[in-house]
Amino acid sequence: MSDDLPDSLIPYDEIVQEALRAVVGRVLGEVQASGGLPGSHHFYITFKTQAPGVDIPKRLIERFPDEMTIVLQNKYWDLKVSDHHFEVSLTFNQVAAHLVIPFAAITAFVDPAVNFALQFQVAGDALPEPHDEAENDGPQVVAEDGSNVVTVDFGKKK
């Protein structure tokens, strides 16, 4: 047997990423339908600020030109979820902002209350660059051993 496997003609990596992003949509849809987050659940959502379909205020793009993380916990409103994106209003330094974020722009989804995390690659990206957290609200995420992190990264052979 050879270690050189042929490139797949089926885009498994894209299919799996799309399915896992659907998990994010379903979770946010359930939060929208129930009128809020249950128990101690809260979410850290990291996304590419320049991805197609992202609509955020210019001041946030200037501060986070590549990627930013938002927190959905106490101070959010107008959460609306569709098949391809979600919308939410938050405050940043006590200034309200409405954000539209396509699921395809998300690079990470974390619910620290239950040590659950999903990480994604956005088309054309390598590893995400370090960035400051958005200062909307919420505690710091502390990574713990034994967390439920699902990382999907199907690197293509060259």
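A residue counts as buried when its relative accessible area is under 20%, as exposed when that area is over 50%, and as partly exposed in between, with a 1.4 Å probe and protein chains only. By this rule Phe 43 is buried, with a relative accessible area of 3%, and of the 158 residues of the protein 37% count as buried.

The structure is a predicted model, in which local features need pLDDT of at least 70 and side-chain atom pairs count only at pLDDT 80 or more, while totals for chains, interfaces and linings use all residues. Residues are numbered from 1 along each chain as its sequence is written, and side-chain values use heavy atoms, with hydrogens and water left out. The pLDDT is the predictor's confidence in each residue, from 0 to 100; its mean over the protein is 84, and 75% of the residues reach 70 or more. Over residues 138-143, however, the pLDDT is below 50, and beyond near neighbours in sequence this stretch has nine contacts in the model, where contact means heavy atoms within 4.5 Å.

We can now turn to the overall layout. The protein has two helices and eight strands, and here helices (H or I, at least four residues) and strands (E, at least two) are DSSP runs, numbered from the N terminus. Read from the N terminus on, the elements follow the order α-β-α-β-β-β-β-β-β-β. Among contacts between residues at least 6 apart in sequence, 62% join residues at least 24 apart.

The expected span of a helix is 1.5 Å times one less than its number of residues, so the 23 residues of helix 1 (residues 12-34) should span 33 Å, which agrees with the 33 Å between its end C-alpha atoms. Several residues of helix 1 are buried, among them Leu 20, Val 24, Leu 28 and Val 31, and so are Asp 13 and Arg 21. Just after helix 1, Gly 35 takes a positive phi of about 85 degrees.

Two strands pair if DSSP finds at least two bridges between them, and strands of a sheet pair through backbone hydrogen bonds, either parallel or antiparallel.

Within this sheet, strand 4 and strand 5 pair in the antiparallel sense over eight bridges. Ser 89 stands opposite His 98 in strand 5, and Phe 92 stands opposite Val 95 in strand 5. Val 95 is partly exposed, with a relative accessible area of 41%, and, not counting residues up to four places away in sequence, Val 95 touches Arg 59 and Leu 90.

Strand 4 and strand 5 form a hairpin with two residues between them. One of the residues in the loop between strand 4 (85-92) and strand 5 (95-102) is Asn 93, whose phi is near 55 degrees, a positive value in a residue other than glycine. Gln 94 is found in the loop between strand 4 and strand 5 as well, and has a positive phi near 65 degrees. Asn 93 counts as exposed at 52% relative accessibility, and Gln 94 is exposed too, with a relative accessible area of 80%.

Finally, we return to Phe 43. The structure holds two aromatic pairs, and one of them joins Phe 43 and Phe 109 in a tilted arrangement, 4.9 Å centre to centre and with 40 degrees between the planes. Phe 43 lies in strand 1 (residues 43-48) and Phe 109 in strand 6 (residues 106-111), so the pair ties together parts that are 66 residues apart in sequence. For such pairs, rings of Phe, Tyr and Trp (its six-membered ring) must have their centres within 6.5 Å, and planes under 30 degrees apart count as stacked, over 60 as edge-to-face and the rest as tilted. Like Phe 43, which is buried, Phe 109 counts as buried, at 1% relative accessibility.
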